[in-house]
Amino acid sequence: VGEDTLVYNQMETLTGMEYTLTLSDGTRVYLNAESRLKYPVVFRGTERVVELSGEAYFKVEKDSLHPFIVNVYDKLKVEVLGTEFNVQAYSGDEVVKTTLNCGKVRVMMGKEALELVPDQQAVCDLRHRRFHKIEVNANYFSAWKDGKFIFEDEPLENILNSLARWYNISVFYQNEELKNFHFTGDLERYDDFSVALRMLEKATNIRFLVTGRTVVVQII
């Protein structure tokens with residue numbers, strides 16, 4: 001049966017929303033806030049293909065005859081047989097991160113490919129069409145599905161972007177250099193966002209001016 005006969009579903013999450021779904025093959029997908037997954041109602045043919053925008057954690061059902069493929073903006077492909085991994089590919093971000101928790105994946109960009117083993121991450125620069133892999137603690141990057149934010153030497157801009165997607169806040173910087181401040185630590189995801197900001201303040205010389213759902217980042 002040709003792929004053009006497939007019927008697709010699309011799941012989209014809003015700011016501050018998560019969703020968990022099970023695909024027809026038994027694969028479990030955890031969809032983070034502000035994300036979209038397009039997937040067939042029933043997989044047919046030789047491959048199991050889904051399309052992702054945003055962030056998702058996949059627990060792929062093993063099937064050696066039918067590889068599971070995640071397409072990202074038609075620029076990047078993640079191919080697996082059976083494994084657990086996280087893909088972060090938000091619209092507007094020029095970098096896509098694929099982090100492997102267990103099993104094995106192949107990340108492909110054009111004719112280039114990287115194979116990952118657990119606790120490795122493929123960092124793909126979509127704008128310049130290049131990528132590389134690094135060693136990481138994979139659990140940090142999938143902690144969101146368990147109700148936590150865990151950051152290891154992460155730029156403040158990335159941290160506040162994550163908080164903004166979950167808490168529906170707008171962030172402004174008094175000084176652009178503040179975006180590059182790095183932070184290590186973990187935050188409970190379901191606390192009020194002001195609690196998360198106070199914890200960041202305790203570990204830094206940065207202050208947050210909060211007005212409604214608007215946050216201005218300042219330095220002391």
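Okay, let's start with valine 7, which sits in the segment before β1. Strands here are DSSP runs of E with at least two residues, helices are runs of H or I with at least four, and both are numbered from the N terminus. Before I go on: this is a predicted model, where local features need pLDDT of at least 70 and side-chain atom pairs count only at pLDDT 80 or more, while totals for chains, interfaces and linings use all residues. Residues are numbered from 1 along each chain as its sequence is written, and side-chain values use heavy atoms, with hydrogens and water left out.

Back to valine 7. Is it buried or exposed? It counts as exposed, because its relative accessibility is 54%. The cut-offs: buried is under 20% relative accessible area, exposed is over 50%, and partly exposed is in between, using a 1.4 Å probe and protein chains only. Together, Val7, Val41 and Val42 make a nonpolar surface patch of about 230 Å². Patch members have over 30% relative accessible area and no salt bridge; nonpolar side chains (Val, Leu, Ile, Met, Phe, Trp, Tyr) are joined within 5 Å, like charges within 9 Å. The areas come from the Shrake-Rupley method with a 1.4 Å probe, and for residues only the protein chains shown count as cover.

Next, arginine 48, in strand β5 (residues 48–59). Arginine 48 counts as buried because its relative accessibility is 3%. A polar atom of its side chain lies 3.3 Å from the backbone oxygen of leucine 81. Leaving aside neighbours within four places in sequence, its contacts (heavy atoms within 4.5 Å) include Asp25, Phe43, His66 and Leu81.

Now, how many salt bridges does the structure hold? Twelve! That's a side-chain nitrogen of Lys or Arg within 4 Å of a carboxyl oxygen of Asp or Glu. One of them pairs glutamate 18 with arginine 189, at 3.0 Å from N to O. Glutamate 18 is in the loop between β1 and β2 and arginine 189 in the loop between β16 and α3, so this pair ties together parts 171 residues apart in sequence. Glutamate 18 is partly exposed at 26%, whereas arginine 189 is buried at 1%.

Then there's lysine 97 with glutamate 154, their closest N and O atoms 3.8 Å apart. Lysine 97 is in strand β9 and glutamate 154 in strand β14, so they link parts 57 residues apart in sequence. Both are buried.

Methods. Polar contact = N/O pair within 3.5 Å; in protein donor to acceptor, adjacent residues only side chain to side chain.
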